Amino acid sequence: MLSATSVIVIASVVALVWAFLNFLTISRIEIKSGGPSESTALSGGGNDEATTARLIEIYEAIYEGAESFLRAEYRVCFYFVSLFSILVFVLVSWGTGWDMARGTFTALSFLLGAGTSMASGYLGMKVAVYSNVRTTVSAQLPGWTACFNVAFRAGAVMGFALCGLGLIMLYLTMLAFRVHYQAPEDWVYLTECITGYGLGGSVIAMFGRVGGGIYTKAADVGADLVGKVVHGIPEDDPRNPATIADNVGDNVGDVAGMGSDLFGSFAEATCAALVIGSSIGVSGGWDAMVFPVIVSAVGIFVCLIASFIATDLRPVKGEHQVEQALKIQLISTTLLMIPAVYFTAITYLPPSFKLKATVGEEFFDLAPWMAAVCVVMGAVGGLIIGLVTEYYTSHSYAPVREVANACKTGAATNMIYGIALGYKSAIIPVLVLALVVYGSFTMCDMYGVALSAIGFLANLATGLTIDVYGPVCDNAGGIAEMAELEPYVREKTDALDAAGNTTAAIGKGFAIGSAALVSLALFGAFVNRIRHASDDALFANGVNMLEPLTFAFLIIGGMIPFAFAAMTMKSVGVAAMEMVMEVQRQFDEKPHLLDANPTERPDYDACIAISTKASLKEMIPPGAMVIFTPLLTGIFFGVFAVSGLLVGSLIASVQLAISMSNSGGAWDNAKKYIEKQSPDSELKGKGSDIHMAAVVGDTVGDPFKDTSGPALNIVMKLMAVLSLVFADTFFAINGGSGLLNLS
């Protein structure tokens, strides 16, 4: 039997090698416009040099814009992380009785988590930009296999590279800390120190998601309002000055931001499970304690095997197979994980092990099959939530078609239907989450909830593959439009993108569900830490929500997601207004830009500068609110207030995130459904008044689904992991009552 260390290291290396091999396959595609060459299966004969030059020019402009934004954003993040790591070191050291080792290790793991998150986001951006134009080139070839495989492999590079990098960095950090904490009884301190890794990943995810989301949606909304609504020019038309900024935004928001977000989920879920299950190491040894990490490693092998289904065993040969191929990936990885997790559990967990209850003094007697069932509940629950999300956001089903039909009577009814759809779409996912929480908690206490969160993320490599696939296809379509390629190329990339929109919504469903379970598990770990620090003087019988201070902050916690959503929505609005005025200014000063064949080019750089400046400025207030609210609450009001704050934030964030993400996804696909109709059909097709109403809905939905909605995942996770990291500090202030000593 391989040791846990061997399995984890091999899985990480395999993931990184597989990502590199996929990148090599993509890199063989030359950027050329023209007909297919049978000898190379790439673009060869009949090359149009002018179009090729235009493709390269667009590719370089998008690359430079994305590169400059991420450099500027990560420079801000670097300064913040450097200063905040000092705060982590000082507060953790002081809160643990000036235990400098714990303060140092927590600060170090925080820096490593932040660095890995930044590396993941940057790598994702690089790969996406590199692959976008090659997807466009491949779309010129006959059939669907080539272009689908390029976009899918681009996602695989990101998915497997992030999983491999995140896993190996986390595990090597644990091994390094084990040199100091050698005795199994001391591993509880090791797991407490490693929580800094999750905090670092989540801090970068917050700025990446919010900054990237504001960037992309400011450009998208600005381009849509002036281009499509006012002047009636197509989406991604090269005459629109905001179109390059819009395409840059797809890479920095939907790719880099999503990568950092899901990396944060992986790191936090693992940290929560390790903290809650640290006592398993005393009786079962190191391999048993790191069981949650082994599950993630096994997930890499499962996702790798399943990836061959889409590219080799059942390649995409027609438009109707695109969405099916992506859905099969999610279903197949979930089904394969069930036996894989069971065999992993019986191999690495002892036949029987004890775990102290989160509430009360008793110990649970657990068996490996129980742990496996908890992981499987999470994996299956995630799949159900994903499929429900698809039902509410794909134009293949009734809800989105109802929204499309609502556009017949204008934008107002479109908005009403879309918002109602979002609220309604939260019902089944919340019930599924409730069942998963109840089942896993009943079986394995809070450790079971943490394992369910690991189960949600067990097929993370596949989830990321599908998430990145969407923006790559979206950019490929934009490049085809800007390079003025044949209409069939844009039609093909639009079909790929429509499937990507739906699967991206499925991915958001996974992310929101996993974030809810991760946050609950982190809250359980926070309670454990306070019990340990207070020798069971606090929270031994659970958290009493009827404590006045706890209940007061429960209400305040429920307000935080709404305040955050308001701040980010308004930030998109402010930046979009600047973009609209800039685009209109250029049209007014250069009226010939709107000619069918203009002789001058728009100033794309001015729009890129607006998005960059606005996003860097606007991302700081909402991020600072989420980071400092639990920190200041714990310092001034104590652990009872923090408990209420975390629970309130979790409950409100889940509902709001699901409804906002699904409303936005439904509006987007309702617009695409109308665009597919012919002018003599009931919905009149592109360019009609019905289409204009759908464009308004899509424009409002952009910040719903790509800025505020997805970032709410990070709100609940970041507040919980930050409270966990500073739990000892909060308890050290007046025995957990805070400076104001109100409890």
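Author: The buried residues of helix 19 are Pro622, Gly623, Met625, Val626, Ile627, Thr629, Pro630, Leu631, Thr633, Gly634 and Ile635. Buried means under 20% relative accessible area, exposed over 50%, partly exposed in between (1.4 Å probe, protein chains only). Helices (H or I, at least four residues) are DSSP runs, numbered from the N terminus. This is a predicted model: local features need pLDDT of at least 70, side-chain atom pairs count only at pLDDT 80 or more, and totals for chains, interfaces and linings use all residues. Residues are numbered from 1 along each chain as its sequence is written, and side-chain values use heavy atoms, without hydrogens and water.

Reader: At which residue does helix 19 bend?

Author: The bend at a residue is the angle between axes fitted to the seven residues ending there and the seven starting there. For helix 19 the angle is about 30°, and Pro630 follows within four residues of the bend. The residue is Phe628.

Reader: How far apart are the end C-alpha atoms of helix 19?

Author: The expected span is 1.5 Å times one less than the number of residues. Helix 19 (residues 620-637) has 18 residues, so it should span 26 Å. The model agrees, with a distance of 25 Å.

Reader: Is Asp445 buried or exposed?

Author: Asp445 is found in helix 14 (residues 427-456). Its phi is positive, about 60°, although it is not a glycine. With a relative accessible area of 4%, Asp445 is buried.

Reader: What is the volume of the largest cavity?

Author: On a 1 Å grid over the protein atoms alone, a cavity is a set of points where a 1.4 Å probe fits but cannot get out; a pocket is an open set with protein on both sides within 12 Å along at least five of seven lines; lining residues have an atom within 4 Å of a point. Grid points are joined across faces, edges and corners, and a volume is the space filled by probe spheres set on the points. The count comes to eight cavities of 30 Å³ or more. The largest has about 400 Å³.

Reader: Which helix gives the most to the lining of the largest pocket?

Author: About 910 Å³ of space lies in this pocket. Its lining has 36 residues, with Arg490, Glu491, Asp494, Glu675 and Lys686 closest to the centre. Ten residues of the lining come from the top contributor, helix 16.

How values were computed. Helices (H or I, at least four residues) and strands (E, at least two) are DSSP runs, numbered from the N terminus.
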